[in-house]
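Please read it alongside the sequence and coordinates.

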Amino acid sequence: MNKAPLTAIPVHLITGFLGAGKSTVIQGMLAQKPAAERWAILVNEFGQVGIDQALFDERDDVVVKGLPGGCLCCQLAFVLQATLVNLLHRHRPDRLIIEPSGLGHPAGVLELLRGEAFREVLELHHVITVLDPTRLGEARVNEHPTFRDQLEMADGVVIAKADLATAEQLDAAHALARDHWPLRRWVIEVTHGAFPIALLLQPHAEPAWQARVGHENTAHRQLRAQASKVVMLEDWAPVMPQPGSPTFEQGAALGYTTLGWRWSPYEVFDLDRLTLLLGSLPAGLRIKGVLHTDSSWVRYNRGGGAACLEPSAWRQDSRLEVIGEDGTIPDAHWLAEALQQCVIEQP
């Protein structure tokens, strides 16, 4: 009996620097895989031999494909697309996990997953970065641009090998995971790869340990048991906005007003038009954003009247926040329309 046509297969991207424990975390996910699901795992190694693929046991309900000898994010981009097409057509998985090389920048993988070839087939649910707290003192790790970008573009951080780290190392790891805007959705400590599978399977659910007594499933109970090790950071609704329909939040407290928008990552802004608009707003406003523009992804930061524009590794969505004293904020409806007029591309 043939399976239904492929539609919106959840994809989870597991990144992390060399030796951080990515494969161990994936092994922990596999140990809790729902029996009814068939998973596909795509493992990329920088070396030529392909050791990591051999670390996964053969199973009827799990397909493991290795791509050694380069980086999915650059040299193997065309190979990755062909491999994904073949993998999805032959095995029809219910869930896809991709582990890029620890030396690879995952931005290229994200662009491919959101490209025309897979737009109706794959749905990116997570970018998870695995962090080894015992190596944060190594300059070649924490000062490496790929390591910093992997952390910046993650929406969840796994602090692995927590049993081997000191309290000071764990505190430093949590501080590093929090030291970004936009905030990570969650940060969790794990030992021996014991990742709570509910975080993977229920990406849009409320924190499971807040579920009402009598309304919990096994995954809820597991997360409740680990709640002391999970820190929820993200305060935006996790549901991805649709092209042409950005989400909007407004708040007021202590004499200040905030306006905030989220856009689909498929929408592209005209950078010149956008910076001209933001530069025309009152000088006293605090403005920060990460935006997909025709000059790639950028971070916009304005404070004290001075604006800074720099490349950003963030790829989850476009976001903008405007903060100012009551009475200084422009009309939200006018600003929303002006921002949307800066969008030059959407599906």
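This is a predicted model: local features need pLDDT of at least 70, side-chain atom pairs count only at pLDDT 80 or more; totals for chains, interfaces and linings use all residues.

## Helix H10

Helix H10 spans residues 271-280, and its buried residues are Leu 271, Leu 274, Leu 277 and Leu 278. Viewed along the axis of H10, these buried residues fall within an arc of 130°, so they line one face of the helix. The other side of H10 carries the exposed residues Asp 272, Leu 276, Gly 279 and Ser 280.

At the start of H10, the backbone nitrogen of Asp 272 has a side-chain oxygen of Asp 270 within 3.1 Å.

## Strand E12 and its partners

E12 is joined to E15 by five bridges, and the two strands run antiparallel. Within this pairing, Ile 287 has Val 322 of E15 as its bridge partner.

E12 also runs antiparallel to E13, to which seven bridges join it. Here His 292 stands opposite Trp 297 of E13. E12 and E13 form a hairpin, with two residues between the strands.

Strand E2 comprises residues 39-44, and six of its six residues are buried. Trp 39, Ile 41 and Val 43 point one way from the strand, while Ala 40, Leu 42 and Asn 44 point the other way; all are buried.

E2 pairs with two strands in a parallel sense: six bridges join it to E3 (residues 62-67), and five bridges join it to E4 (residues 95-99). In the pairing with E4, Leu 42 has Ile 98 as its bridge partner.

## Cysteines

How many disulfides does the model contain? With a disulfide taken as a pair of cysteine sulfur atoms within 2.5 Å, the count comes to zero.

Cys 342 has a relative accessible area of 3% and is buried, because buried means under 20% relative accessible area.

Terms used: Residues are numbered from 1 along each chain as its sequence is written. Side-chain values use heavy atoms; hydrogens and water are left out. Buried means under 20% relative accessible area, exposed over 50%, partly exposed in between (1.4 Å probe, protein chains only). Helices (H or I, at least four residues) and strands (E, at least two) are DSSP runs, numbered from the N terminus. The arc is that of the directions from the helix axis to the C-beta atoms. A polar contact is a pair of N or O atoms within 3.5 Å; within protein, one must be able to donate a hydrogen and the other to accept it, and residues adjacent in sequence count only if both atoms are side-chain atoms. Two strands pair if DSSP finds at least two bridges between them.
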